[in-house]
Amino acid sequence: MSSIRNMGQTENLFLDAALECILDVGVRRTTMTDIARRAGVARMTIYRKWPDMPALLGDLMVREWMAEAEELAGTDDAPDAATIAARVVEITSSMRRNALFAKIVDVDPEFLIPYVFVRRGRTQDAMLDMIHAQLVAGQGAGTVRSGDPDVMARAILLTALGFTLSMRTMTDHAKPADLDAQLLMQLQRSLAP
């Protein structure tokens, strides 16, 4: 994750070009050559930064998704259950609105399968760390119920992932805002002291 935070202007320009390409045609149809062309550099210049498309895409996803999450994470010394719940719901909703996420879901949903069934990605690990830190701070202040913050953070992330990845399958009889309100209530109740 630190490599993304410390990424320079050149790398960000290349990731911007990759984002534009993916938003145009999707992940599977985007090549390193397309990205180089869009960035106005030789293909080998891109390869010097990333060995292949999955590595580049991994950095792009972390950059795009963590920027939104970090903005919403807050810096309270002792957030309460309601604040933590509201932040998780806002991050979940923000992820669904993210252009890169929406494009992957629309055009290349199979790309997300490993992150659902096989392994966690860097974004999920960073989210776990953020939720864990908020829980520990809230528990220390007595504004969040006691319990193992590692287990609690994982349960919160699993719940939020369901609302992120599967929301479209449940909006035939409910609006996303109404479902998000249910998520908020569930999280608040599960975290309240």
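**A close look at Thr-92**

Modeller: Leaving aside its neighbours within four places in sequence, Thr-92 is in contact with Ala-160, Phe-163, Thr-164 and Leu-183, where contact means heavy atoms within 4.5 Å. This is a predicted model, in which local features need pLDDT of at least 70 and side-chain atom pairs count only at pLDDT 80 or more, whereas totals for chains, interfaces and linings use all residues. Residues are numbered from 1 along each chain as its sequence is written, and side-chain values use heavy atoms, with hydrogens and water left out.

Thr-92 belongs to helix α6, residues 81-97. Helices are DSSP runs of H or I with at least four residues, strands are runs of E with at least two, and both are numbered from the N terminus. With a relative accessibility of 3%, Thr-92 is counted as buried. Buried means under 20% relative accessible area, exposed means over 50%, and partly exposed is in between, with a 1.4 Å probe and protein chains only.

In sequence order the pattern reads α-α-α-α-α-α-α-α-α-α-α. The C-alpha trace spans about 55 × 40 × 25 Å along its principal axes. Of the 193 residues, 42% are buried. Among contacts with a separation of 6 or more, 68% involve residues 24 or more positions apart.

Val-144 sits in the loop between α9 and α10, the latter being residues 149-165. The relative accessible area of Val-144 is 3%, so this residue is buried. Its contacts beyond four places in sequence include Pro-79, Asp-80, Ala-81, Ile-84, Leu-135, Met-152, Leu-191 and Pro-193. Val-62 lies 82 residues from Val-144 in sequence, with 29 Å between their C-alpha atoms.

Next come the charges. The chain carries 21 positive and 25 negative side chains, and the centres of the two sets are 5 Å apart. Lys and Arg count as positive and Asp and Glu as negative, without His or the chain ends. Side chains of opposite charge can pair when their charged atoms come close. The whole structure holds 13 salt bridges, each one a side-chain nitrogen of Lys or Arg within 4 Å of a carboxyl oxygen of Asp or Glu.

One of them joins Glu-20 to Arg-38, with 3.5 Å between the closest N and O atoms. Glu-20 is in helix α2 (residues 9-25) and Arg-38 in helix α3 (residues 32-39), so this pair ties together parts that are 18 residues apart in sequence. Both partners are partly exposed: Glu-20 has 39% relative accessibility and Arg-38 has 38%.

Arg-37 and Asp-34 make another salt bridge, with the closest N and O atoms 3.4 Å apart. These two residues are both in helix α3, separated by 3 residues, about one turn of the helix. Arg-37 is exposed at 59% relative accessible area, while Asp-34 is partly exposed at 23%.

Glu-90 pairs with Arg-97, and here the closest N and O atoms are 3.2 Å apart. Glu-90 is partly exposed, at 33%, and Arg-97 is exposed, at 54%.

Salt bridges also link Asp-16, Arg-63 and Glu-64 in a network. Arg-63 lies in helix α5, residues 53-73, and its relative accessibility of 16% counts as buried. The C-alpha atoms of Arg-63 and Ser-190 are 30 Å apart, and the two residues are 127 positions apart along the chain.

Last, the surface. The protein has about 10200 Å² of accessible surface, 55% of it from carbon and sulfur atoms, by the Shrake-Rupley method with a 1.4 Å probe. Ile-113, Val-116, Phe-117, Val-118 and Leu-165 form a nonpolar patch on it, with about 500 Å² of accessible area together. Patches take residues with over 30% relative accessible area and no salt bridge, joining nonpolar side chains (Val, Leu, Ile, Met, Phe, Trp, Tyr) within 5 Å and like charges within 9 Å. Helix α8, residues 113-117, gives the most to the nonpolar patch, with 3 residues. Val-118 is in the loop between α8 and α9, where α9 covers 122-141. In contrast to the buried Val-144, Val-118 is exposed, at 67% relative accessible area.

Conventions: Charge placed at Lys NZ, Arg CZ, Asp CG, Glu CD.
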